[in-house]
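This briefing looks at helix packing and at a few individual residues. Please keep the sequence and the model in view while reading.

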Amino acid sequence: MTDLATMISVDEALEYILKHFKPLEPEEVEILEALDRVLAEDVYSNMDIPPFANSAMDGYAVRAADTAEASRENPVTLRVIADVAAGYTTETRVEPGTTIRIMTGAPLPEGADTVIRVEDTSDWIRSRHERGREPSTEVKVYHAAEPREHVRPAGEDIHRGALILSRGTIMRSQEIGVLASLGKTTVSVIRRPRVAILATGDELLTIDEPVTPGKIRNSNEYSNAALVRRYGGIPVRLGIARDNVEDLTAKINEGLAQNVDLFLTSAGVSVGDYDVVKDVLNTEGEMRFWQVRMKPGKPLAFGLIRGVPLIGLPGNPVSSMVSFEQFVRPAMLVMESKTRLAKPAVEAILEEDVTNSGRRGFVRVMVDKRDGQYYAHTTGKQGSGVLTSMVKANGLAVIPEGVKLVKAGEKVTVQMLDWPESVE
Ligand code: AMP
Ligand code: MG
């Protein structure tokens with residue numbers, strides 16, 4: 001069926017599209033593969049971390065009671081009876097009047113209850129001024145330590161049996177580090193969506209072909225595939241389908257045979273087009289063709305094709321990318337079980353007048369921050385084929401429906417295309 005006569009809003013189109021997506025099932029992956037994905041299990045600790053009490057400093061393991069009277073003026077002298085480095089243990093016990101030299105991360109020896117930093121001993125002076133001398137068998141302590149100073153107790157970080165990571169967590173480097181410290185080699189996360197990408201058009205060349213009259217290179221396949229990757233999916237690239245029924249049908253079948261979770265087509269869905277793309281999508285699936293009240297990116301198709309959701313993106317390269325950000329990205333995030341679907345945005349002061357069609361406008365801008373305030377200026381020609389203005393942009397200023405002009409000095413919401421790196 002065709003709704004081309006009706007223009008719907010961006011919000012209506014998005015709401016309708018998102019009804020057709022739900023989180024995908026989990027899979028077990030190596031922990032490094034879990035980055036940026038959603039955890040599908042609760043992770044409990046089967047051990048204490050650190051597993052043993054250890055020193056947080058390089059220094060001397062002592063009995064706090066031995067140092068009770070120590071100060072700079074009246075140091076206490078202790079006999080050094082052993083040395084313990086990180087990775088080793090010692091059988092030697094710290095008895096009254098003795099100490100064991102200890103390095104950061106080494107287990108606290110029996111008998112000791114605290115650590116004196118090397119800076120608070122005569123060893124500090126020695127190591128700075130008398131390098132090369134034999135290690136001394138005595139050390140002077142200048143500090144009266146409390147018990148457990150500079151000691152990291154067993155289980156300080158993680159207690160055995162504790163819930164460490166809850167399902168639903170988006171895995172960052174620190175979560176992966178914690179899994180590693182627990183000795184987990186694999187973890188259950190939501191699998192990545194597989195997204196078919198099909199460009200359509202008789203005018204398209206593969207990117208390694210020389211340009212001939214009337215032809216252009218198929219850039220959308222690459223920008224779309226890059227966006228799929230960026231938002232956590234696996235692109236399944238199908239190349240170019242010509243504007244004829246046989247080729248389009250064959251390419252669609254080829255894509256559907258590859259277990260895709262979402263099918264993206266580019267071009268051929270606007271009012272002026274030959275009807276082949278629309279005809280084939282209608283024959284093969286249950287489709288709606290919309291004009292969405294947005295600029296760039298008016299034409300948009302959505303439907304199910306043998307059960308697989310299909311989003312028909314417009315052909316113009318900027319329209320295609322802007323529509324991807326508005327509709328495909330949130331659909332992918334839902335499949336990835338992510339819940340924050342809105343694009344990160346800032347409020348910025350426009351630095352020039354911007355006119356708008358009255359549809360929701362997405363104006364390519366560069367945002368920068370000065371004196372704690374965001375400013376946005378446009379990146380040149382806003383034609384929907386001018387991909388370089390997208391290259392220069394780090395954001396899309398959103399001009400609300402019905403607004404024809406935003407004046408310099410007024411505030412706009414800017415969806416950040418990359419953030420926050422480019423804004424600092
Ligand atoms: P259409 O949506 O088919 O009317 O196409 C709109 C514009 O986008 C036309 O100028 C097409 O040549 C261009 N176009 C379509 N597909 C692609 C593509 N894959 N890469 C770059 N430009 C495209
Ligand atoms: Mg076309």
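R160 is exposed, with a relative accessible area of 62%, where exposed means over 50%, buried under 20% and partly exposed in between, using a 1.4 Å probe and protein chains only. This is a predicted model, in which local features need pLDDT of at least 70 and side-chain atom pairs count only at pLDDT 80 or more, while totals for chains, interfaces and linings use all residues. Residues are numbered from 1 along each chain as its sequence is written, and side-chain values use heavy atoms, with hydrogens and water left out.

**Residue R160**
- R160 is placed in the loop between β10 (151-152) and β11 (163-165); strands (E, at least two residues) and helices (H or I, at least four) are DSSP runs numbered from the N terminus.
- Once neighbours within four places in sequence are left aside, R160 is in contact with S45, N46, M47 and D48, contact meaning heavy atoms within 4.5 Å.
- Between the C-alpha atoms of R160 and P330, which are 170 residues apart along the chain, the separation is 38 Å.

**Buried threonines**
- T200, a residue of strand β13 (residues 194-200), is buried, with a relative accessible area of 2%.
- The side chain of T200 reaches the backbone oxygen of S266 at 2.8 Å and the backbone oxygen of A267 at 3.3 Å; for such a polar contact, a pair of N or O atoms must lie within 3.5 Å, within protein one must be able to donate a hydrogen and the other to accept it, and residues adjacent in sequence count only if both atoms are side-chain atoms.
- Not counting residues up to four places away in sequence, T200 touches A241, D243, L248, S266, A267, G268 and V277.
- T379, in the loop between β25 (373-378) and α8 (388-391), counts as buried at 8% relative accessibility.
- A polar atom of the T379 side chain lies 2.7 Å from the backbone oxygen of S389, and among the residues in contact with T379, leaving aside neighbours within four places in sequence, are R364, V365 and M366.

**Packing of α5 and α6**
- Helix α5 (residues 245-256) packs against helix α6 (residues 276-284) at an angle of about 50°, with axes 10 Å apart; axes are lines fitted to C-alpha atoms, for helices over the stretch in contact, and angles run from 0 to 180 degrees between N-to-C directions.
- The two helices α5 and α6 are therefore oblique to each other, given that angles under 35 degrees count as roughly parallel, over 145 as roughly antiparallel, 65 to 115 as roughly perpendicular and the rest as oblique.
- In this pair, V245, L248, T249, I252 and N253 of α5 meet V276, V277, V280, L281 and E284 of α6.
- The residues of the contact of α5 with α6 divide into 7 nonpolar, 2 polar and 1 charged, with Ala, Val, Leu, Ile, Met, Phe, Trp, Tyr, Cys and Pro counted as nonpolar, Asp, Glu, Lys and Arg as charged, and the others, Gly among them, as polar.

**Packing against α7**
- Helix α1 (residues 10-18) and helix α7 (residues 317-335) pack at about 30° with their axes 10 Å apart, and are therefore roughly parallel to each other.
- V10, A13, L14, I17 and L18 in α1 meet Q326, F327, P330, A331 and V334 in α7.
- The residues of the α1 contact with α7 comprise 9 nonpolar, 1 polar and no charged.
- The axes of helix α4 (residues 220-230) and α7 come within 10 Å and cross at roughly 25°, which makes α4 roughly parallel to α7.

Terms used:
Chains lettered and ligands numbered in written order.
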